[in-house]
Amino acid sequence: MNLFQRHISPSELPQQFTYPFCYTPHPLCIEAKEIVMKLIASKTEWHNELQQGKMFGVLVVEKNNQVGFLSAFSGNLNGKNQHDYFVPPVFDFMSPTDYFKIEEGNISAINKEIQDLQQGGEYQKLKLRIKQLSSDIEQQLSNKKEALKKSKLQRDAIRQGHPNNETLQKLIAESQFEKAEFSRLKRLLSAKLEQETSKLHSIEKLIENKKNECHQRSAALQTWLFNQFQMLNAKGETRSLNDIFNDIGINLPPSGSGECAAPKLLQYAYINGYKPIAMAEFWYGNSPIGEIRTHGNFYPSCRHKCFPILRFMLQGLDVERNPLMQHIDAELTIEYEDEYLMIVNKPAGLLSVPGKESDDSVLDRIIAMRPTASGPLIVHRLDQATSGLLIIAKDKNTHALLQQQFTNRLIHKHYAALLDGVPLQARGIIELPLCPNIHDRPRQMVSKQFGKKATTKYQVISTLNQRTLIDFEPLTGRTHQLRIHSAHKLGLNCPIVGDNLYGTPNSRLFLHAYKLLFTHPITLQLIDIEINIPFGINQ
């Protein structure tokens, strides 16, 4: 256990343990992070690797009435998974004498054999020889066919001269002979090609067998590895990673499962009798390409690998409820309504539609307020953390017409946001293609290869003390589009204040849909509605 640089009184400790997937870091976690960051900065031998960025974690713990903290890094660091000051891995598979390392070497040796076979002289010569032989055969057969055609034309010319029976018989015999000769040549050439192809297939079969062996041994090794990760929880129960992921229908855990900072920290605490108090994870170094990670910022645990693991490991602890699932007392106000549709002002924190862990949403509230046979129907959505205008159709026909307008980009939406920083230009257009980050949902990422087009117009409203109030008009509707276009270094490089995924947590996400402009799908009336922005530049 690492000690704080001052005495920690019991009154400073939180009442509940951190919900790791959405949290505001506890002050003690912030204090521990600063201590760890100073240590990391002093390790010059880590400097180059950490330029690429890495996730670290801290866990405030208590034992024998003494409060301290544990620290961890995700994966490996400087070619090792054990360093002083940081907790060890749940399972050390990097020892040279370990079965994993030995079998990994065997698999690498098979891969090297495959590579040698594929790049070997005999294999490449055979491929080249077969290619050349195929071309030669095709040319020979083509030439022979042309010769047969000429012979046939000559015979046809003779036949037109009404030859006697003996001549006709000679022509027939000549035709049969030439066809038989062509067939013999074709068989001869095919046999020649087959002989060479058979040699190639033998090598390819050997390569395929080695690939299958490599795949089977890799799968078996992964299964063995994840069985070695015997995870603990606060109840003293133990489960392997295979069992944990099998419970949610995943046969083989994702690569790297159990090696993130959070599972390491909890495992070490349970083994050594420390009581977990609070936990947080932070990024050190540069941001990965496409993602948004800021040096020193706190981030929630990843869901792809850590959600199933931590869900088990946290059992027995008094954990905070997911703050996103808390009941929102703020009122849902109606800004416009007629017999076909309504426009409401959604408070921040309220879901647009029902979620797995919540029975409170805009749709739930509207159904209670305006129950009808065919509606209401949500036309579009706002992120749970975003507040503002939301259109709701009262019947299926209106819903379909409004959705068509959204598809054709005939509905204009404007958002106000408070940015942490000042953009280089006061107005402009951001175009960064977006796609889901499959390893860390619900986060999105910038990707030219896999991303869908995402375009945002922006105009600065005002700036003060390195804060910017800005107007956004999204021309496309990608998930987290405004949040990423704000935070990414190729966008504005100014995250929205309160963005716990791409920036820094605050009392709320300072993003508000404040203006809508569209043509009423039934009355054809122009609907131009604007509401107050619930925050200002001084927030």
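Is Y85 buried, partly exposed or exposed? With a relative accessibility of 29%, Y85 counts as partly exposed. The legends below describe close-up views of a predicted model.

**View 1. An aromatic pair formed by Y85 and F86.**
The structure contains 18 aromatic pairs, and Y85 and F86 make up one of them. A pair of aromatic rings is described by the distance of the centres and the angle of the planes. For Y85 and F86, the centres are 5.9 Å apart and the planes are at 75° to each other. The arrangement is edge-to-face, because planes over 60 degrees apart count as such. While Y85 is partly exposed at 29% relative accessibility, F86 has a relative accessibility of 8% and therefore counts as buried.

**View 2. A tilted pair formed by F226 and F229.**
The ring centres of F226 and F229 are separated by 6.4 Å, and the planes meet at 50°, so this pair is tilted. Both F226 and F229 are buried.

**View 3. A cluster of aromatic rings.**
Ring pairs join F4, W46, F56, F69, F73, Y85, F86, F282, Y284 and F298 into a cluster. Y85 and F86, the edge-to-face pair of View 1, are thus shown here among the members of this cluster.

**View 4. A salt bridge between R6 and E12.**
Side chains of opposite charge can pair when their charged atoms come close. The structure holds 26 salt bridges. One joins the side chains of R6 and E12, with a distance of 2.7 Å from N to O. R6 counts as partly exposed because its relative accessibility is 38%. E12 is also partly exposed, with a relative accessible area of 26%.

The side chains of E174 and R155 form a salt bridge of 3.0 Å, N to O. This pair links distant parts of the chain: E174 belongs to helix α5 and R155 to helix α4 (residues 121–160), and the two are 19 residues apart. Helix α5 covers residues 165–228.

The side chains of R467 and D420 meet in a salt bridge with an N to O distance of 4.0 Å. R467 lies in strand β17 and D420 in strand β12 (residues 412–420), so this contact ties together parts of the chain that are 47 residues apart in sequence. D420 counts as partly exposed because its relative accessibility is 38%.

**View 5. A network of salt bridges.**
Which residues does this network link? Salt bridges connect E291, R293, D440 and R443.

**View 6. A patch of positive charge on the surface.**
R409, K452, K453 and R478 gather on the surface in a patch of positive charge. One of them, R478, is located in the loop between β17 (467–474) and α11 (481–487). R478 has a relative accessibility of 32% and therefore counts as partly exposed.

**View 7. Two residues with positive phi, N465 and Q466.**
Most residues other than glycine have a negative phi, and most peptide bonds are trans. N465 is not a glycine, yet its phi is positive, near 50°. Q466 likewise has a positive phi, of about 60°, without being a glycine. N465 is found in the loop between β16 (455–464) and β17, and Q466 is placed in the loop between β16 and β17 as well. N465 is exposed because its relative accessible area is 68%. Q466 is exposed too, with a relative accessible area of 55%.

**View 8. The exposed residue P10.**
P10 is situated in the loop between β1 (2–3) and α1 (27–42). Its relative accessible area is 68%, so P10 is exposed.

Definitions and conventions
Residues are numbered from 1 along each chain as its sequence is written. This is a predicted model: local features need pLDDT of at least 70, side-chain atom pairs count only at pLDDT 80 or more; totals for chains, interfaces and linings use all residues. Side-chain values use heavy atoms; hydrogens and water are left out. Patches are made of residues with over 30% relative accessible area and no salt bridge: like charges are joined within 9 Å, nonpolar side chains (Val, Leu, Ile, Met, Phe, Trp, Tyr) within 5 Å. Accessible areas come from the Shrake-Rupley method with a 1.4 Å probe; for residues, only the protein chains shown count as cover. Lys and Arg count as positive and Asp and Glu as negative; His and the chain ends are not counted. The place of a charge is taken as NZ of Lys, CZ of Arg, CG of Asp or CD of Glu. Helices (H or I, at least four residues) and strands (E, at least two) are DSSP runs, numbered from the N terminus. Buried means under 20% relative accessible area, exposed over 50%, partly exposed in between (1.4 Å probe, protein chains only). Rings of Phe, Tyr and Trp (its six-membered ring) pair if their centres lie within 6.5 Å; planes under 30 degrees apart count as stacked, over 60 as edge-to-face and the rest as tilted.
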